[in-house]
Amino acid sequence: MESSSTGTGGTVTGGTVTGGRRQATRQKLYEAAVTLIAEKGFSATTVEEIAERAGVAKGTVYYNFASKNDLFEELLRHGVGLLTVSLRTAAQETEARGGTRVEALDAMIRAGLVFIDRYPAFTQLYVAELWRTNRTWQSTLMVVRREAVAVVETVLREGVERGELSAEIDVPLTAAAMVGMVLVAALDWQSFQSERSLDDVHSALSLLLRGRVSGNR
């Protein structure tokens, strides 16, 4: 998974080469961990295997993360952070073009599909962890999930305020439903309808967003 401006680790600015190298190492560990855990499950994946897959020494893992649990918690934070940034960017770019809030929501649906298409293993892990209640990182997962849903809530509220959307909608529940719709539809697409294109899937979800499933225009 590529890094972004979400702040997980150092970046190479003003000669801070050490921070940049550490971030690159953390990236390798994220990628190794997400792949192995998707293949074997969290409990069956060892720190030694993560280090070997990342091409680093075992001690490097513990230099960057206190434990395997800490690594996975940071992985979840990092991945959902990237998703949140992509959703926010889609909304901001639509706003800059003078688009409506409905168009911004549609752009966010596409951004979510693009993210999931790029990081399918992470998405599978994220969705699976949402349903678990006995993990040490559950509180962190709820916080980062809330951040992603809040981006959608903001656009929905703006749509209501501008009269583009009905004032009767339940904004928090609708935002959560939209995020869930994209996650579930995308995973179903990749698992059972992989012959379909991203544009095809986006078009289908766009119809749902615009309330045209019933045939009303």
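**Entry 1: helices and the model**

I began with the rule that helices (H or I, at least four residues) and strands (E, at least two) are DSSP runs, numbered from the N terminus. I noted that this is a predicted model, in which local features need pLDDT of at least 70 and side-chain atom pairs count only at pLDDT 80 or more, while totals for chains, interfaces and linings use all residues. Residues are numbered from 1 along each chain as its sequence is written, and side-chain values use heavy atoms, with hydrogens and water left out.

**Entry 2: helix H7**

I followed helix H7 through residues 138-161, a stretch of 24 residues that reaches 34 Å from its first C-alpha to its last, which is close to the 34 Å expected at 1.5 Å a residue (the expected span is 1.5 Å times one less than the number of residues). After H7 comes Gly163, and I noted that its phi is positive, near 80°.

I next looked for buried residues (under 20% relative accessible area, with exposed over 50% and partly exposed in between, using a 1.4 Å probe and protein chains only). In H7 they include Leu141, Val144, Ala148, Val152, Glu153 and Gly159. The buried residues of H7 pack against helix H4 (68-96), helix H5 (101-118), H6 and H8, where contact means heavy atoms within 4.5 Å. For the whole protein, I recorded that 41% of the 217 residues are buried.

**Entry 3: Leu76**

I picked Leu76, which is found in helix H4, and saw that Leu76 is buried, with a relative accessible area of 1%. Setting aside residues up to four places away in sequence, I listed Phe122, Tyr126, Trp137, Leu141 and Val144 as the residues that Leu76 touches. I also checked Leu76 against Arg145, which lies 69 residues apart from Leu76 along the chain, and their C-alpha atoms are separated by 9.6 Å.

**Entry 4: H6 against H8**

I turned to helix H6 (residues 120-130) and helix H8 (residues 171-192), which pack at an angle of about 125°, with their axes 11 Å apart. Axes are lines fitted to C-alpha atoms, for helices over the stretch in contact, and angles run from 0 to 180 degrees between N-to-C directions. That makes H6 oblique to H8 (under 35 degrees is roughly parallel, over 145 roughly antiparallel, 65 to 115 roughly perpendicular, and the rest oblique). In this contact, I found Pro120, Thr123, Gln124, Tyr126 and Val127 of H6 meeting Leu183, Leu187 and Gln190 of H8.
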